[in-house]
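Please examine the sequence and the structure shown here.

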Amino acid sequence: MGTWDIGHFDNDTAADFSGTLDKALESEREDIVRTALTRTIETEEYLDSDDACTAVASAALIAAQCPGGKPISAYGPHEPLPVFSTDLRPLAVQALDRVLAPESELTELWDDAGHGPLFRQGITDLKAVLLT
């Protein structure tokens, strides 16, 4: 995973995901986000870092539309996103819980780099916004 900072879009996978959303029809963008979250939630075995990065990016996009949500960085999508259905919020929380669960490559990578606590705090902050 090419990473340049700890932000939710500060890695190659999330930036590529943003490109996928930008290339998709606006009417397809919510389904792309929903699929990324569902794929992560349904992973029962070792969670690949790419799937985790996509889920975190999806959750950040949803949280950005919530009260108290932070704007998306320059590496996020540039094309307009739909107003996401509120039923995506609990899916995003479940996906983030899976990202932090045992057998998650992304969490292991951040732990190995010595930034695990900062990464976990970023996920916790996203969840707090999604749960309000």
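By class, the residues lining the largest cavity are 7 nonpolar, 4 polar and 2 charged. In this classification Ala, Val, Leu, Ile, Met, Phe, Trp, Tyr, Cys and Pro count as nonpolar, Asp, Glu, Lys and Arg as charged, and the others, Gly among them, as polar. The model is a predicted one, in which local features need pLDDT of at least 70, side-chain atom pairs count only at pLDDT 80 or more, and totals for chains, interfaces and linings use all residues. Residues are numbered from 1 along each chain as its sequence is written, and side-chain values use heavy atoms, with hydrogens and water left out.

Rolling a probe the size of a water molecule over the atoms shows where empty space is left. On a 1 Å grid over the protein atoms alone, a cavity is a set of points where a 1.4 Å probe fits but cannot get out, whereas a pocket is an open set with protein on both sides within 12 Å along at least five of seven lines; lining residues have an atom within 4 Å of a point. Grid points are joined across faces, edges and corners, and a volume is the space filled by probe spheres set on the points.

A search of the whole structure finds 1 cavity of 30 Å³ or more. The volume of the largest cavity is about 80 Å³. Its lining consists of 13 residues, and Gly7, His8, Asn11, Trp110 and Phe119 lie nearest its centre. The elements that give two or more residues to this lining are α3 (49–64) and α5 (105–112); helices here are DSSP runs (H or I, at least four residues), numbered from the N terminus.

The largest pocket has a volume of about 430 Å³. Of the 21 residues that line this pocket, Gly7, His8, Lys70, Gly122 and Leu126 lie nearest its centre. Helix α6 gives the most to the lining, with 7 residues, and by class the lining divides into 12 nonpolar, 6 polar and 3 charged residues.

Why does the length of helix α6 agree with expectation? At 1.5 Å a residue, the 15 residues of α6 (residues 116–130) should span 21 Å, and its end C-alpha atoms are 21 Å apart. The expected span is 1.5 Å times one less than the number of residues. An α-helix has 3.6 residues a turn, so residues three or four places apart point the same way.

In α5 the buried residues are Leu106, Thr107 and Trp110. They cover an arc of only 100° around the axis, which puts them on the same side of α5. These buried residues pack against α3, α4 and α6, where contact means heavy atoms within 4.5 Å.

Two single residues complete the account. Glutamate 103 is found in the loop between α4 and α5, and has a positive phi of about 65° although it is not a glycine. Serine 18, in helix α1 (residues 12–23), is buried, with a relative accessible area of 2%.

Methods: Buried < 20%, exposed > 50% of the residue type's maximum accessible area, 1.4 Å probe, protein only. Arc of directions from axis to C-beta.
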